[in-house]
Amino acid sequence: MRENEKRLEFLTQLEKKLKEINQGSVDLIYTTSVLRHISPYSFGKVLTQFSRIKPRFIITLEDEASYTYRDFPHNYRKKFADLGWKLLLSDYAIDKKTKL
């Protein structure tokens with residue numbers, strides 16, 4: 001299986017698996033470099049499932065700037081605010097080589 005096929009299979013499973021989680025059954029959703037690989041088309045669906053699940057907290061450690069064939073920039077702050085989620089902490093990592 002090629003890398004893109006594996007990625008597509010994983011993301012398809014992510015959307016499916018999120019639908020299987022009962023509302024109110026988790027206190028925390030934690031992602032590290034997962035959301036950045038979700039296309040803009042599917043990103044809203046994933047956030048809709050996060051909202052449906054209703055965790056007390058969502059922690060994300062995601063790259064907001066890269067754009068490649070496998071990375072999609074998302075304005076997490078805006079999209080989370082649009083859903084009524086309260087931002088408790090935000091920080092940006094600086095890459096000294098690229099000045100990002």
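Which residues make up the largest nonpolar core?

**Entry: ground rules**

I am working from a predicted model, in which local features need pLDDT of at least 70, side-chain atom pairs count only at pLDDT 80 or more, and totals for chains, interfaces and linings use all residues. Residues are numbered from 1 along each chain as its sequence is written, and side-chain values use heavy atoms, with hydrogens and water left out.

**Entry: the core**

I found twelve residues in the largest nonpolar core: Leu 14, Leu 18, Ile 29, Leu 35, Ile 38, Phe 43, Val 46, Leu 47, Phe 50, Ile 53, Tyr 76 and Phe 80. I took a nonpolar core as a set of buried Ala, Val, Leu, Ile, Met, Phe, Trp, Tyr and Cys residues joined through side-chain atoms within 4.5 Å. Buried is under 20% relative accessible area, exposed is over 50%, and partly exposed is in between (1.4 Å probe, protein chains only).

I then noted that helix H1 (3-20), helix H2 (40-53) and helix H3 (76-82) each give two or more residues to this core. H2 supplies the largest share, five residues. Helices (H or I, at least four residues) and strands (E, at least two) are DSSP runs, numbered from the N terminus.

**Entry: the whole chain**

I counted three helices and two strands in the protein, in the order α-β-α-β-α from the N terminus on. The protein has 100 residues, of which 23% count as buried. Its accessible surface comes to about 7,700 Å², and 56% of that belongs to carbon and sulfur atoms. Such areas come from the Shrake-Rupley method with a 1.4 Å probe; for residues, only the protein chains shown count as cover.

I also checked contacts, meaning heavy atoms within 4.5 Å. Among contacts with a separation of 6 or more, 78% join residues 24 or more positions apart.

**Entry: helix H2**

I took H2 next. This helix has 14 residues and reaches 20 Å from its first C-alpha to its last, close to the 20 Å expected at 1.5 Å a residue. The expected span is 1.5 Å times one less than the number of residues.

Which residues of H2 are buried? I listed Ser 42, Phe 43, Val 46, Leu 47, Gln 49, Phe 50 and Ile 53. Seen down the helix axis, the buried residues of H2 fall within an arc of 155 degrees, so they line one face. The arc is that of the directions from the helix axis to the C-beta atoms. Pro 40 and Tyr 41 are exposed residues on the face of H2 turned away from the buried side.

I looked at two of the buried residues for partners, leaving aside neighbours up to four places away in sequence. Val 46 is in contact with Leu 14, Glu 15, Leu 18, Leu 35 and Ile 38. Gln 49 touches Leu 18 and Lys 19. Gln 49 counts as buried because its relative accessibility is 12%.

**Entry: positive phi**

I noted Lys 54, which follows H2 and lies in the loop between H2 and E2. Lys 54 has a positive phi of about 60 degrees although it is not a glycine. At 52% relative accessible area, Lys 54 is exposed.

I found another case in Ser 33, with phi near 55 degrees. Ser 33 sits in the loop between strand E1 (28-32) and H2 and is partly exposed at 33%.

**Entry: aromatic rings**

How many aromatic pairs are there? I found four. Rings of Phe, Tyr and Trp (its six-membered ring) pair if their centres lie within 6.5 Å; planes under 30 degrees apart count as stacked, over 60 as edge-to-face and the rest as tilted.

Tyr 67 and Phe 72 form an edge-to-face pair, 6.2 Å centre to centre with 80 degrees between the planes. Tyr 67 is exposed at 61%, whereas Phe 72 is buried at 13%. Phe 80 and Trp 85 form a tilted pair, 4.9 Å centre to centre with 50 degrees between the planes. Phe 80 is buried at 13%, and Trp 85 is partly exposed at 22%. Ring pairs link Phe 43, Tyr 76, Phe 80 and Trp 85 into a cluster.

**Entry: Ile 58**

Ile 58 is partly exposed at 26% relative accessibility. Not counting residues up to four places away in sequence, Ile 58 touches Ile 29, Phe 50 and Trp 85. I also noted that Ile 58 and Leu 87 are 29 residues apart in sequence and 9.6 Å apart in space, C-alpha to C-alpha.
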